[in-house]
Amino acid sequence: MRDVDPLDLLETIREGILVLESDLTVRFANRSFCRTFALAPEQTIGRKLYDIDNGQWDIPKLRTSLKTIISGGKAIEAFEVEYLSAAIGRRVLLLNARKVYRPGEQIQQILLAIEDVTERARLGSEHAVAHERIGMLLQELTHRVKNSLQLIASMIMIEARNQKSGEAKAALRKVSHRITALGHLYSKLSDSNAVAVVEAGTYLEELCRDLIASVHKGGDSSIVLKTDIESELLSTDRAIPIGLIVNELVTNAVKYAFPGEKKGTVIVSFKRSLAELRLTVADDGQGLDPRRLDSGLGARLVDGFARQLGGRVERKSESGGTTVHLVLPSRADA
């Protein structure tokens with residue numbers, strides 16, 4: 001390698017390469033630099049960097065950084081600049097520079113590498129715009145779904161009022177309430193600006209606050225809701241069924257665990273355990289008849305959502321209260 005001229009090696013590099021003196025005079029420019037910027041060697045070599053191409057390289061921040069390198073400062077890493085030339089138009093450039101080290105010599109030079117990343121920047125900008133448009137479309141779709149669900153729930157409630165049978169009225173009201181709950185979940189996703197993922201801590205905490213607020217609004221302020229929800233990113237297609245399960249379990253606990261004016265506490269927790277996510281809804285109420293624990297439409301809905309999520313439901317009820325665990329794989333594709 002002693003017989004190899006380092007400048008010959010620089011000529012083989014596809015990025016533009018400049019060797020600068022300490023006063024930023026260009027000592028060497030490889031063919032790639034001259035070709036990329038449509039400059040002849042005599043228009044570059046021997047000139048100050050900031051005088052090249054009618055001053056297009058006169059970038060104050062770049063000059064300062066290069067001077068800092070000469071005085072022993074840090075190298076320049078991935079410094080992005082815009083370059084505008086009548087010959088080649090607008091370009092986005094990525095610059096890297098470092099001091100040339102030669103043992104035993106006091107020569108102070110800088111090696112400046114220039115990469116044209118115009119196409120990469122264009123694609124990145126287009127991707128960002130497309131992502132923003134998709135987000136806006138999803139937000140609009142979520143909003144429309146929420147409004148449609150509210151309309152359906154209202155129509156069912158109207159039908160419930162027209163029913164003479166008390167059993168039919170109750171059944172239709174339950175359907176309406178579940179549709180309303182689904183609409184609220186879509187509203188939460190819309191408010192959080194979630195497109196692909198939602199933060200479980202914020203999402204479930206707000207859901208639980210709304211649930212207990214609705215209980216207190218109904219005149220029952222004797223029931224306390226406590227939460228212990230860890231931060232976890234959930235895909236939106238998992239967040240909806242998990243939210244519906246929380247709604248179903250908390251609503252059932254409030255409705256059945258504390259008859260009369262009995263005071264009580266409902267606890268909702270969401271935690272990671274090894275390769276699993278564990279949602280727990282527990283109350284300190286009177287407990288349920290084991291024969292009815294996994295019966296009823298609510299329980300079937302919870303089981304169905306759990307299967308949709310690839311998880312399982314564990315139930316336990318005794319005189320000290322009822323506990324329901326939803327155990328999920330930590331990954332949606334597990």
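Phe33, Phe37, Trp57 and Tyr83 form one aromatic cluster. The model is predicted, and for this reason local features need a pLDDT of at least 70 and side-chain atom pairs count only at pLDDT 80 or more, while totals for chains, interfaces and linings use all residues. Residues are numbered from 1 along each chain as its sequence is written, and side-chain values use heavy atoms, with hydrogens and water left out.

A pair of aromatic rings is described by the distance of the centres and the angle of the planes. Rings of Phe, Tyr and Trp (its six-membered ring) pair if their centres lie within 6.5 Å, and planes under 30 degrees apart count as stacked, over 60 as edge-to-face and the rest as tilted.

| Pair | Centre to centre | Angle of planes | Type |
|---|---|---|---|
| Phenylalanine 37 and tryptophan 57 | 5.4 Å | 75° | edge-to-face |
| Tryptophan 57 and tyrosine 83 | 5.2 Å | 45° | tilted |

Both pairs link distant parts of the chain: phenylalanine 37, in the loop between α2 (31-36) and α3 (52-55), is 20 residues from tryptophan 57, in the loop between α3 and α4 (60-70), and tryptophan 57 is in turn 26 residues from tyrosine 83, in strand β3 (residues 76-85). Helices (H or I, at least four residues) and strands (E, at least two) are DSSP runs, numbered from the N terminus. Phenylalanine 37 is buried, a word that stands for under 20% relative accessible area, with exposed over 50% and partly exposed in between (1.4 Å probe, protein chains only). Tryptophan 57 counts as buried because its relative accessibility is 0%, and tyrosine 83 because its value is 1%.

Elsewhere, an open sheet of five strands has the order β7-β9-β10-β12-β11, with mixed pairing, where two strands pair if DSSP finds at least two bridges between them. Its edge strands, each pairing on one side only, are β7 (223-229) and β11 (312-318). Strands β11 and β12 (residues 321-329) run antiparallel and are joined by seven bridges, and arginine 315 stands opposite valine 324 in β12. Helix α8 (residues 236-256) packs on the sheet and touches β7, β9 (264-273), β10 (276-283) and β12, where contact means heavy atoms within 4.5 Å. Helix α9 (residues 296-308) also packs on the sheet, touching β11 and β12.

Note on methods
Axes fitted to C-alpha atoms, helices over the stretch in contact; angles between N-to-C directions.
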